[in-house]
Amino acid sequence: MGIFDRLASLLRSNINDLISRAEDPEKMLTQILVDMRSQLAKAKQQVATAIADEKRLRDQADAEYRQVQDWEQKAMLAVKENRDNLAKQALMRQGEHLSAAQQLEQTWEQHRAETEKLKNSLRDLNDKIEEAKRKKNLLVAR
């Protein structure tokens, strides 16, 4: 059994040696750059989507706040006309829209924070790509 162990060990060492000699630092850096650029493109797409979603949430919250103001004005008009039932209904609708607006506002705040994290990650990835480019250029210059 000692022969088989030694043979297996010899095969592993020869394979590892072949892999080590095949590793070209310039080729490896080139592949890393290709992979990082692909990740950068995906990250840019995610950031663009996140920004669009953030804007959509902000617009929805603003629309709900406008509804709150409209229903408040309707309630005040109903009170002036001594139509208390209508005023109560308008105030109930105002409350519904206020609740929706506050919920959208909270969601928007959370989404805005996540979007900032994505933007920072995008910047970091871009910096890493630039660093990898510099290293590759130094390696090629040698």
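These legends go with a few close-up views of a predicted model.

**View 1. Helix H2, end to end.** Helices here are DSSP runs of H or I, at least four residues, numbered from the N terminus.

**View 2. Asparagine 82, in the loop between H2 and H3.** Asparagine 82 sits in this loop, and its phi is positive, about 55°, although it is not a glycine. Asparagine 82 counts as exposed because its relative accessibility is 68% (exposed is over 50%, buried under 20%, partly exposed in between, with a 1.4 Å probe and protein chains only).

**View 3. The largest nonpolar core.** A nonpolar core joins buried Ala, Val, Leu, Ile, Met, Phe, Trp, Tyr and Cys residues through side-chain atoms within 4.5 Å. This one has nine residues, among them Leu33, Met36, Leu122 and Ile129.

**View 4. Charges over tryptophan rings.** A charge sits over a ring if Lys NZ or Arg CZ is within 6 Å of the ring centre and within 35 degrees of the ring normal. The charged end of arginine 58 sits over tryptophan 108, 4.5 Å from the ring centre. Lysine 74 lies over the face of tryptophan 71, at 4.3 Å.

**Notes.** Residues are numbered from 1 along each chain as its sequence is written, and side-chain values use heavy atoms, leaving out hydrogens and water. In this predicted model, local features need pLDDT of at least 70 and side-chain atom pairs count only at pLDDT 80 or more, while totals for chains, interfaces and linings use all residues.

Conventions
Helix = DSSP H or I, 4+ residues; strand = E, 2+ residues; numbered from the N terminus.
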